[in-house]
Number of protein chains: 2
Amino acid sequence: MRKVNVGLIGFGTVGSGVAEALKAKRGYIKSRYNLDINLIKICDKDIISKRKVKVDSSLLTKNAYDIIDNPAVDIVIELIGGIEKAKEFILAALKKKKHVVTANKALLSIAKDELFQVAEKNGVQLHFEASVCSGIPIIKALREGLAANRIQSIYGIVNGTCNYILSEMDEKAIDFATALKQAQEKGYAESDPSLDIKGHDSAHKLAILASLCFGIDVKPKDIYTEGITDISSADIKYASGFGYAVKLLAIAKKMERELEVRVHPTLVPRNYPLASVSSNFNGVLIESDIVGETFFYGQGSGAKPTASAVISDIIDISNDIVNKKLEKFPIIVYDKQVDKIKPKKDFYCSYYIRFSAIDKPGVLASISKILADHSISIASVSQKVRSKQKVVPIIMLTHKAKELSVAEALEKIDALDAIRRKSVVIRSERSRI
Amino acid sequence: MRKVNVGLIGFGTVGSGVAEALKAKRGYIKSRYNLDINLIKICDKDIISKRKVKVDSSLLTKNAYDIIDNPAVDIVIELIGGIEKAKEFILAALKKKKHVVTANKALLSIAKDELFQVAEKNGVQLHFEASVCSGIPIIKALREGLAANRIQSIYGIVNGTCNYILSEMDEKAIDFATALKQAQEKGYAESDPSLDIKGHDSAHKLAILASLCFGIDVKPKDIYTEGITDISSADIKYASGFGYAVKLLAIAKKMERELEVRVHPTLVPRNYPLASVSSNFNGVLIESDIVGETFFYGQGSGAKPTASAVISDIIDISNDIVNKKLEKFPIIVYDKQVDKIKPKKDFYCSYYIRFSAIDKPGVLASISKILADHSISIASVSQKVRSKQKVVPIIMLTHKAKELSVAEALEKIDALDAIRRKSVVIRSERSRI
C-alpha cells in the first residue's frame, strides 16, 4: 500500500468538507487506488468551534508551520483563501519541497507565474483543479485530455452565484435585487456578493484558464470585466423573445496572434449547450483545433466539489511521490500562442441594444442611419407595440461589429432628441467560432 | 528532450488521420510537453493506396510483427478494428512489453478483462480513451478527474450516427429512412449502418464505461439493447409536445447493489443538458456521490477526435516510460460496486406510451383501469383531436413503474377491442437521479 501524508491549512466550511471527504473516502481510495491518504495535521486560526466533521484534537494546530515544517507531510492543502497569508504559506511549503494543492483562484490569478516557478525550481507539484469550476475536471481536461489540441476559444459560465441569479430572473421573471436576495437565502451568494456579481471572481478564473491555454501570463487587470448588476428582467425577457438566454460569460478567444479576454453578460442562443446551464451550475465550452467543440458542465464551488477536485489532485501527485523521479509535464507552460491582449476598442462581437425612444415617425430611420454610418449592420429589430407611455423600447441585434464603432454610434444615437435614456448594450455570442 | 517511438497498426481513414495529427503536432508537443513523439512504423494490409497524409514509404509494412517485434517501438497504436486480428496483435504487443493505445470498443467490450490482465502482468499500459466518445476526455475524467467519487449513474449519447438521425427527424420532421439516407450522404453513417442504428455500438461503449465505473466486468450481452429503427417522426413530434426530445441513451444506474444497464431510445426533458446534444455530437451525463451531476459533450468519432484521444494517451504513457518505474494506478479496477446486473423485467423508469384506439366513449377509462390495476400511474395524457379517421392516438406519460408491470398491462390493453395497433412504448428518464 502506498502511503501519502497530507496537511490541511484552512478548516472553514470548504476545509472541513475536504477533511470530511478525506475521512469518508479513505477506505474507497485504498481499495481502488492502492493508496492510503492520511490527513495528519489541520491548521486554522479557530480550532475551538465545532465542525461538521469530527477530527482528533491532536490533529489541530493554530500554526501553519506545524504543517509546513513537518517532515512527515508530503502534500500541503491550502484552503484559507485570500492573498498574503496564503501566498506566504504556499511559498514556504514549496521551498520545503512539499507538493501543494490549492483552490485559491484569487491568489493564482495574480501570482501564478511566481508560484509555478518556485514549484518547478524545488521539483514539486502545485495543483489547482479546485480553483476553477471545482466539480468539473476542466484543468485536467485542458492539460491532459486535450493535450494534442491548440485551444482557440473558451466560453465559460464559471460563477455559480451569477448563473443562479440570471437563471432565476429568466425563469421567474423577477428583478436582480429579488434574485440576489434569494441567492443569499439559499447560501449561493455571500452576504457581500460584490466579488461575484461584479464579475471579478469570473475574471480570476478566466486568468487561470487563459494562461493555461494560450501560454501567456494573463492577469485579472488585463481582462475587461463587467458584472451583472445592471441586467434588468426586461432585457432578459426581450432577449428571450429573440431566442437567447443571458449568461455571465468569461471569454478568451485567440484571433491571429491576439487574445481577446473579457467577462460580461452575454446573449447566448437558447439551443447552445451554455444556455442549458441552469441554477448555480458552471459550464465551459472549449473550441480547439483537432476535436472542435467540447463542453463541460457541473457544480463549480462548495465544499463537496472542492473536495472532489482536491482529492483528484492528491491522487495525481501521489503517483509522482511513489515514482520518486519527478519528470512530469510542466504544470503550466508558457508556450506563447499569442503575442498580446487585444484592447477593448477592438473587441469584435454581436450586440443586443435597447434604445428608449419617443414613439414618433423617423426615429428608427435616424438610428439605422447612424449605425450604418459606423458599418454596423442590423440582424433583427423589434419595436414594442405603442403604449400610452411616450417612450418605447426598440430592440436591435446587430451582426458582428467592432466595439469602438458601437460605442461611437451609441454616443451619437443617445444624443438624438428622440432618445430619452442611455441605451442598454449587451454583447452577444451568436456563432460558435 | 524525452523521446518516444510509436508504431501504428491500421492505416485507414482513422489511422491516416492519426498519422497526420502526429506529424502536424510533433513540433507543438515538443515545445509544450518536452516530448518528441516519433512515428517510426505503419502497418496496413494495403500499403499502396494514396492517403491524405504523406509518409515515407520506408515506414510502411504489411506485417504487424515488424512493429510488435521491433525493439525500438515503445508504444503500439491499434486502429484496425475488428476482433480476432486486433486481439492477436494487442496481446502480442503487451507480451513484448510494449504499451498499447487502442480505439477498439468492440474488442474491449468483450475482452477487456483478459487484455488488462495481460497488460498488468507485463507491467505495461493499455490505454483506450479513443474507444468511447473520442473527442471527449471521458475515460480520463472518470479514472482521474472524478477519482474520489463513487459513480451512481451514467446517461450517455455515445453514438453520433443515431444522434444525427434523431436530431434531423426532430428538427426537420422527416422520417427515419430519409434521415438515415442523409446521414449516409454526409458520411455520418456507414453503408451498412446496423451496428449503429441497432444500438450495438452504444452497448459496446456502455460496457466499457460501466465496467470502469462499477467495478464489474459488464459485457454487451449483459446490456438490454434496443435501436432507433422503430422510432417514428410522429412519436418524436408528440414527445416534443410534452417538452421532451428523443435520444438514444446508454444508461447504467446503480440501485443498491444491482446495476441497471440498458441502451434504448429515451425521452429526455428539453431543458436537460442531454437534450442540447445535437447533430452527430456525443454527450455523457455522470451522477456521482461527491460532485453530483457533471456533463461532458463533444465529437464522438472520426479521424480527428480519435487522433486527439490517441495522442493524449501517448503523452500519458510517455510519462511512465520516462519515469521508468511503472507504479501507476491500475488501468481498470474491479472494485465491485454492485453484485449483479438487474434483469430487464425489473427495470424501473417512466414510460411514453402511444395507444392507437378507436375513438369511442370508454376507451380511455378501460386503458386507465388496466394501468391502475398494474400500479402504473399516469403523469400526463393527451388525446389528439377527433378526425375522420376512426383510429386516434392516445399519448400517455407514466410515472416511474416496473418494466414487467408495463409489459403485462400493455398485453392486456392491446387485446382490447378498441385498440387497433400494437402500442408504442418509449422509456423516459424524467428525474435526474
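Biologist: How many residues of domain 1 of chain A are in contact with domain 2 of chain A?

Modeller: 13 residues of domain 1 of chain A touch 17 residues of domain 2 of chain A. The model is predicted. A contact here requires C-beta atoms within 7 Å.

Biologist: Which helix gives the most to the side of domain 1 of chain A that touches domain 2 of chain A?

Modeller: Helix α5 (residues 105-121) of chain A, with 7 residues. By class, that side of domain 1 holds 7 nonpolar, 2 polar and 4 charged residues.

Biologist: What are the domains of chain A, and how far apart do the C-alpha centres of domain 1 and domain 2 lie?

Modeller: The domain assignment gives domain 1 (2-134 + 303-323), domain 2 (138-299) and domain 3 (344-428). The C-alpha centres of domains 1 and 2 of chain A are 27 Å apart.

Biologist: What makes α7(A) largely enclosed by the rest of the structure?

Modeller: A residue is buried when 20 or more other C-beta atoms lie within 10 Å of its own. In α7(A), 11 of the 13 residues are buried, so the helix is largely enclosed by the rest of the structure. The buried residues include Gly160(A), Tyr164(A), Leu166(A) and Asp170(A). They pack against β7 (151-157), α8 (176-185), α9 (194-197), α11 (233-241), β9 (244-255) and β11 (281-288) of chain A.

Biologist: How does the reach of helix α7 (residues 160-172) of chain A stand against what is expected at 1.5 Å a residue?

Modeller: α7(A) has 13 residues and reaches 18 Å from its first C-alpha to its last, close to the expected 18 Å. Ala173(A) follows the helix and has a positive phi, near 55°.

Biologist: Why is strand β9 (residues 244-255) of chain B described as largely enclosed?

Modeller: 11 of its 12 residues are buried, so β9(B) is largely enclosed by the rest of the structure.

Biologist: How many bridges join β9(B) to β7 (residues 151-157) and to β10 (residues 258-269) of chain B?

Modeller: 4 bridges link β7(B) to β9(B), and 12 bridges link β9(B) to β10(B). Two are enough for a pair, so β9(B) pairs with both strands. Tyr155(B) has Ile251(B) of β9(B) as its bridge partner. Val246(B) stands opposite Leu267(B) in β10(B). The hairpin of β9(B) and β10(B) has 2 residues between the strands, and Glu256(B) there takes a positive phi near 55°.

Biologist: How do you know that the copies meet through the same surface?

Modeller: 100% of the interface residues of chain B are also interface residues in chain A, so the copies meet through the same surface. The contact takes 49 residues from chain B and 49 residues from chain A. α12(B) gives the most to the chain B side, with 11 residues. By class, that side has 23 nonpolar, 14 polar and 12 charged residues.

Biologist: What joins strand β12 (residues 292-299) of chain A to β12(B)?

Modeller: 3 bridges join them, and the strands run antiparallel. At least two bridges make a pair, so β12(A) and β12(B) count as one. Tyr297(A) has Phe295(B) as its bridge partner in β12(B).

Conventions: Residues are numbered from 1 along each chain as its sequence is written. Chains are lettered from A and ligands numbered from 1 in the order in which they are written. This is a predicted model: local features need pLDDT of at least 70, side-chain atom pairs count only at pLDDT 80 or more; totals for chains, interfaces and linings use all residues. Two residues are in contact if their C-beta atoms, placed from the backbone, lie within 7 Å. Ala, Val, Leu, Ile, Met, Phe, Trp, Tyr, Cys and Pro count as nonpolar, Asp, Glu, Lys and Arg as charged, and the others, Gly among them, as polar. Domain bounds come from an automatic or database domain assignment. The expected span of a helix is 1.5 Å times one less than its number of residues.
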